[in-house]
Amino acid sequence: MDLRETDVVTRISANIDTEDFTAAAELGERFIGDFEATEFEICRADPEGGWKGYLVSVGYRTPPAEDEDPAETLHRAALPALFHFGLNAEFFEIHGTPETGQYGSYDACDTPTEGFTLYSLMAAVGGTDPREPAYVTRHDFTPRAETDVISRVHLYVPTGDLRLAVGLCGRPATDLSASLVRISTDAGPCEAVLLSAFPALDGESGEEAQSRVTNEITERLSRVSMSVRAIHTGLDDDPFYTEPG
């Protein structure tokens, strides 16, 4: 069985109140080093969602031990993060049943610390597939509109080092005005997904806007020194909501 189907992934999510992508990425790189993470995500906070700046998440894997029940694995997987942030393990609770599936979460988050706010700590079996759909905000933090065109770009990053991959993706994220960057590794080259939201121009139809954005993205990707796996564009929502990959 694929280890990704049995490993517990502990996901640490924090908010950093800055509009500086580099500062937010540095926080993610720090988390990656602290927890030997294999998954990373950074996204601009939704201006209508209560947070400001960026949301940064990392996930690290814990394989189950022999003769260990799922709840015990979930508790053990969360301990490094609980200890690192000085959190009370009594507030880490297991939800669900072995029959329906279980996950663990820390129920006393929104903890300010070291220049950021820890707002979620969860442990569950299996990681985040980089192809999963996501909501993406605009690059300039202004509210989304129904006429926005969303682009999704998949890249192969020429390294298996997640921290190095974050740095390598900084330039393409800037070139594509990306508001969400998701990177993962599975003992090989990293896979990166970059999502952007582009407003339509005045008087532009949906088809015209989508065609324009597709052409712009293709031209910008000609300057990216890594393999482009796929480009998707759609109106209003992440194309993977309507075009599963």
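1. Basis. The model is predicted, and local features need pLDDT of at least 70, side-chain atom pairs count only at pLDDT 80 or more, while totals for chains, interfaces and linings use all residues. Residues are numbered from 1 along each chain as its sequence is written, and side-chain values use heavy atoms, with hydrogens and water left out.

2. Length of helix H1. Helices (H or I, at least four residues) and strands (E, at least two) are DSSP runs, numbered from the N terminus.

3. Buried face of H1. Buried means under 20% relative accessible area (1.4 Å probe, protein chains only). The buried residues of H1 are Phe-21, Ala-24, Ala-25, Leu-27, Gly-28, Phe-31, Ile-32 and Phe-35. Seen down the helix axis, these fall within an arc of 150° (taken from the directions from the axis to the C-beta atoms), so they line one face of H1. An α-helix has 3.6 residues a turn, so residues three or four places apart point the same way.

4. Ends of H1. At the start, a side-chain oxygen of Asp-20 reaches to within 2.9 Å of the backbone nitrogen of Thr-22. Glu-36 follows H1 and has a positive phi, near 50°.

5. Strands. Strands E4 (residues 92-97) and E5 (residues 101-106) pair in the antiparallel sense over six bridges (pairing requires at least two bridges found by DSSP). A hairpin of three residues joins E4 to E5, and Thr-97 has Gly-101 of E5 as its bridge partner. E5 also pairs with E7 (residues 116-125) in the antiparallel sense, over three bridges; the bridge partner of Tyr-103 in E7 is Ala-124.

Definitions and conventions
Buried < 20%, exposed > 50% of the residue type's maximum accessible area, 1.4 Å probe, protein only. Polar contact = N/O pair within 3.5 Å; in protein donor to acceptor, adjacent residues only side chain to side chain.
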